[in-house]
Amino acid sequence: MTSREELHKLIDTLADDRIAELRQYIDELRGEETLSENTLAAVREGLDDIQHGRVMDVDEYRRTRGL
């Protein structure tokens with residue numbers, strides 16, 4: 001049995017909730033890194049904040065954080 005065939009068999013034994021994690025890892029190996037659903041949701045939220053003017057400049061951010 002080839003390594004590729006062994007990997008196919010191993011993949012078939014994975015629980016469904018681990019498949020997405022494996023897919024992300026394989027995409028990274030192939031140089032096709034994808035964003036998780038949580039990361040995409042955070043990006044969408046940030047873009048919505050920008051679109052609706054919920055932003056602050058760096059100086060204001062630093063003041064609010066005591067930096």
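The model is a predicted one, in which local features need pLDDT of at least 70 and side-chain atom pairs count only at pLDDT 80 or more, whereas totals for chains, interfaces and linings use all residues. Residues are numbered from 1 along each chain as its sequence is written, and side-chain values use heavy atoms, with hydrogens and water left out.

Side chains of opposite charge can pair when their charged atoms come close. The structure holds 4 salt bridges, a salt bridge being a side-chain nitrogen of Lys or Arg within 4 Å of a carboxyl oxygen of Asp or Glu.

Among them is the pair formed by Arg-18 and Glu-21, whose closest N and O atoms are 3.0 Å apart. Both Arg-18 and Glu-21 belong to helix α2, where 3 residues, or about one turn of the helix, separate them; helices (H or I, at least four residues) are DSSP runs, numbered from the N terminus. With a relative accessible area of 43%, Arg-18 is partly exposed, and Glu-21, at 46% relative accessibility, likewise counts as partly exposed, given that buried means under 20% relative accessible area, exposed over 50%, and partly exposed in between (1.4 Å probe, protein chains only).

Helix α2, which spans residues 16-29, also contains Asp-27, and a salt bridge links Asp-27 to Arg-23 with the closest N and O atoms 3.1 Å apart. These two residues, Arg-23 and Asp-27, both lie in helix α2 and are 4 residues apart, again about one turn of the helix. Arg-23 counts as exposed because its relative accessibility is 52%, whereas Asp-27 counts as buried because its relative accessibility is 4%. When its neighbours within four places in sequence are left aside, Asp-27 is in contact (heavy atoms within 4.5 Å) with Glu-32, Glu-33 and Thr-34.

A further salt bridge brings together the side chains of Asp-48 and Arg-54, at 2.7 Å from N to O. Asp-48 is partly exposed, with a relative accessible area of 31%, and Arg-54, at 46% relative accessibility, also counts as partly exposed. Through salt bridges that share partners, Asp-48, Asp-49 and Arg-54 are joined into one network.
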